[in-house]
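Subject: Structure handover

Hi,

Here is the structure I promised to pass on. Please open it and keep it beside you while you read my notes.

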Amino acid sequence: LAQRFGPTGKREPGGGGKGETPISMVPRVRIEPVGEGLQVVGHVTLRLKEEHANTLPVLVSLELSSVDELQRRIDPIPLSVEFGETAASPRGDGTWALTLEPGAKLDVAVKSDVYDKDWTVEFVPQVRPVTEEVAP
């Protein structure tokens, strides 16, 4: 089975691009056998740097999809997501709005529905600051 896991976004060689983000994201997910199928379980850790001056509203997107031989996403696989004590507002399409506190770590638990053991899947977590255009 081929699985692809990890954060999205490509960095330019040599540290180019828009610069360093104040948010870190570390996905830690694994595939486990369940009956006749498989299931993705684990968590994604989010953290806003301590030196960030204020809280930061963000949008968190978590997506798991089956992919074809050309690595094109085919079908989404439903995920159960738990934010613990953090208030998170669902925005639809696997996206939630929440606020990160400077220096605080947030572990977001994820668990997928069971899917066919022959499928290749891709887990795509994303976090981005809320811009004024999308603020609630």
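Start with a pair of strands. Strand β2 covers residues 23–34, and strand β3 covers residues 37–48. The two pair in the antiparallel sense, over 12 bridges. Keep in mind that this is a predicted model.

Pick out R30 on the way. Its opposite residue is V41 in β3. Then go to the hairpin of β2 and β3. There are 2 residues between the strands. G35 takes a positive phi there, near 60°.

Now for the salt bridges. Side chains of opposite charge can pair when their charged atoms come close. How many salt bridges does the count give? The count comes to 5 salt bridges. I will take you through some of them.

R47 is partly exposed, at a relative accessible area of 32%. E50 is exposed, at 60%.

E63 and R73 make another, with 3.3 Å from N to O. Which parts does this pair tie together? E63 lies in strand β4 (residues 56–67) and R73 lies in strand β5 (residues 73–76), so the pair links parts that are 10 residues apart in sequence. E63 is partly exposed, with a relative accessible area of 28%. R73 is also partly exposed, at 45%.

R73 has a further partner. It forms a salt bridge with E122, and the closest N and O atoms are 3.1 Å apart. R73 is in strand β5 and E122 is in strand β11, so this pair ties together parts that are 49 residues apart in sequence. Is E122 buried or exposed? E122 counts as buried, because its relative accessibility is 12% and the cut-off for buried is under 20%. Shared partners join these salt bridges, so look at E63, R73 and E122 as one network.

Last, find T131. T131 sits in the segment after β11, which spans 120–129. T131 is partly exposed, with a relative accessible area of 39%.

Send me your questions once you have looked.

Best wishes

Methods: Residues numbered from 1 in each chain as written. Predicted model: local features only at pLDDT ≥ 70, side-chain atom pairs only at ≥ 80, totals over all residues. Heavy atoms only, no water. Pairing = 2+ DSSP bridges. Helix = DSSP H or I, 4+ residues; strand = E, 2+ residues; numbered from the N terminus. Buried < 20%, exposed > 50% of the residue type's maximum accessible area, 1.4 Å probe, protein only. Salt bridge = Lys/Arg side-chain N within 4 Å of Asp/Glu carboxyl O.
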